Amino acid sequence: MQPLQVGTQAPDFSLSDQDGNQVSLSSLRGKKVLIYFYPKAMTPGCTTQACGLRDVNAELAALNVVVLGISPDPAKRLKKFEERDNLNFRLLADEDHAVADAFGVWGPKKFMGKEYDGIHRLSFLIDEEGKVAHRFDKFKTSDHHQVVLSLIKGQSAGA
């Protein structure tokens, strides 16, 4: 597993969201995009992380940031997740994990003594030109949204 490095061009992709609409990274040029990869919709850690982002999404939008959550779940499950937790951003279905592979976040994992391949919980801030501006790999699901918001506010203040 080799996650994308800061400064590299993010691979373009097109995935279905929870409503069946296609979303491509290239269509969001001119905005910052927070792409966060999570293992499975409606699980405790993923719910905590998603709800934190939901709660700061208006602040992120005011800073020209679009949030995209990506998991290997089918769109139908993502729709249930959105509705159950009143999520206010797009969730993308990467069922064949091609986008996770392209971002370098798909790989071996261990849980309760079992080894399997899956998504590693990493996030990427993509800049307005489509390059990786920051990689978030050290956070707890409960403070992910604050880590992201602090970094982006710091960048905005320094601009």
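Me: Which range of relative accessible area counts as partly exposed, and why is Asp101 called partly exposed in this predicted model?

Reply: A residue is called buried under 20% relative accessible area and exposed over 50%, with partly exposed in between. Asp101 has a relative accessible area of 43%, and is therefore partly exposed. The residue belongs to helix 3, which spans residues 98-103, and the model is a predicted one.

Me: Why is Met112 called exposed?

Reply: The label requires over 50% relative accessible area, and Met112 has 73%, so this residue is exposed. Met112 is placed in the loop between strand 6 (106-111) and strand 7 (114-119). Along with Phe111 and Tyr116, Met112 makes a nonpolar surface patch of about 390 Å².

Me: How do you know that strand 5 pairs with strand 1, and in which sense?

Reply: Pairing requires at least two bridges between the strands. Strand 1 (residues 14-17) and strand 5 (residues 90-93) have two bridges, so they count as paired, in the antiparallel sense. Within strand 5, Ala93 stands opposite Ser16.

Me: What makes strand 4 a partner of strand 5?

Reply: Four bridges link strand 4 (residues 65-71) to strand 5 in the parallel sense, and because at least two are required, the two strands pair. Here Ser71 is the residue that stands opposite Ala93.

Methods
Residues are numbered from 1 along each chain as its sequence is written. This is a predicted model: local features need pLDDT of at least 70, side-chain atom pairs count only at pLDDT 80 or more; totals for chains, interfaces and linings use all residues. Side-chain values use heavy atoms; hydrogens and water are left out. Buried means under 20% relative accessible area, exposed over 50%, partly exposed in between (1.4 Å probe, protein chains only). Patches are made of residues with over 30% relative accessible area and no salt bridge: like charges are joined within 9 Å, nonpolar side chains (Val, Leu, Ile, Met, Phe, Trp, Tyr) within 5 Å. Accessible areas come from the Shrake-Rupley method with a 1.4 Å probe; for residues, only the protein chains shown count as cover. A salt bridge is a side-chain nitrogen of Lys or Arg within 4 Å of a carboxyl oxygen of Asp or Glu.
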